[in-house]
Amino acid sequence: MRKINLIVLHCSATRETQDYTPEQLERDHKARGFVRAGYNYYIRRNGQIISMRPLEQVPAHVKGYNRNSIGICYEGGLDAAGNPEDTRTDGQRESLKILLKLLKIRFPMSRICGHRDLGARKACPCFNAEEEYAGL
Ligand SMILES: [Zn+2]
């Protein structure tokens, strides 16, 4: 297993009123030249956690930090009008917390943060992940 000390959260930047399936995600990432979806995990609006890329494979999700990180993306992140917003459903919040707890057990030294905390010039994941999960 590669060395992991960073867990980064993303949103799919799709509207909360719109479905964005794992197949669409995979297709869009392939169109950008990736071999498969860039994230390790994808969390649907109903809370379903989908493994997109095995953990031992380096994800492609945040420039300069891929090698030592895990990428998790939730479906949503934009309100109905297309503005950045924390659109996580109860199911997504629950699944995120469970997944992060398990990953912290496996990789205890990991920092949990959002894409935007690593210098991204966008709102992703549209909530303060570092603060929210500081206690995990
Ligand atoms: Zn992101």
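Isoleucine 70 is in contact (heavy atoms within 4.5 Å) with Arg2, Ile4, Leu6, Ile7, Val8, Asn40, Tyr41, Leu55, Pro59, His61, Leu103 and Phe107, its neighbours within four places in sequence being left aside. The model is predicted, with local features requiring pLDDT of at least 70 and side-chain atom pairs pLDDT 80 or more, while totals for chains, interfaces and linings use all residues. Residues are numbered from 1 along each chain as its sequence is written, and side-chain values use heavy atoms, without hydrogens and water.

Ile70 is also among the residues with the most contacts inside the largest nonpolar core, together with Leu9, Ile72, Leu100, Leu103 and Tyr133; this core has 21 residues. A nonpolar core is a set of buried Ala, Val, Leu, Ile, Met, Phe, Trp, Tyr and Cys residues joined through side-chain atoms within 4.5 Å, buried meaning under 20% relative accessible area with a 1.4 Å probe, protein chains only. Two or more residues each come from strand S1 (6-11), strand S3 (41-43), strand S5 (69-74) and helix H2 (90-106); helices (H or I, at least four residues) and strands (E, at least two) are DSSP runs numbered from the N terminus. H2 gives the most, four residues. Another core, of eight residues, lies apart and includes Tyr20, Tyr39, Tyr42 and Cys73.

The zinc ion has His10 (ND1), His115 (ND1) and Cys124 (SG) as protein donors, at 2.0 to 2.2 Å. Donors are N, O and S atoms within 2.8 Å of the metal (3.2 Å for Na, K and Ca); water is not among the atoms, so sites may look incomplete. Histidine 10 lies in strand S1 and histidine 115 in the loop between strand S7 (111-114) and helix H3 (129-132), so the pair ties together parts 105 residues apart in sequence. Both histidine 10 and histidine 115 are buried.

Methods
Buried means under 20% relative accessible area, exposed over 50%, partly exposed in between (1.4 Å probe, protein chains only).
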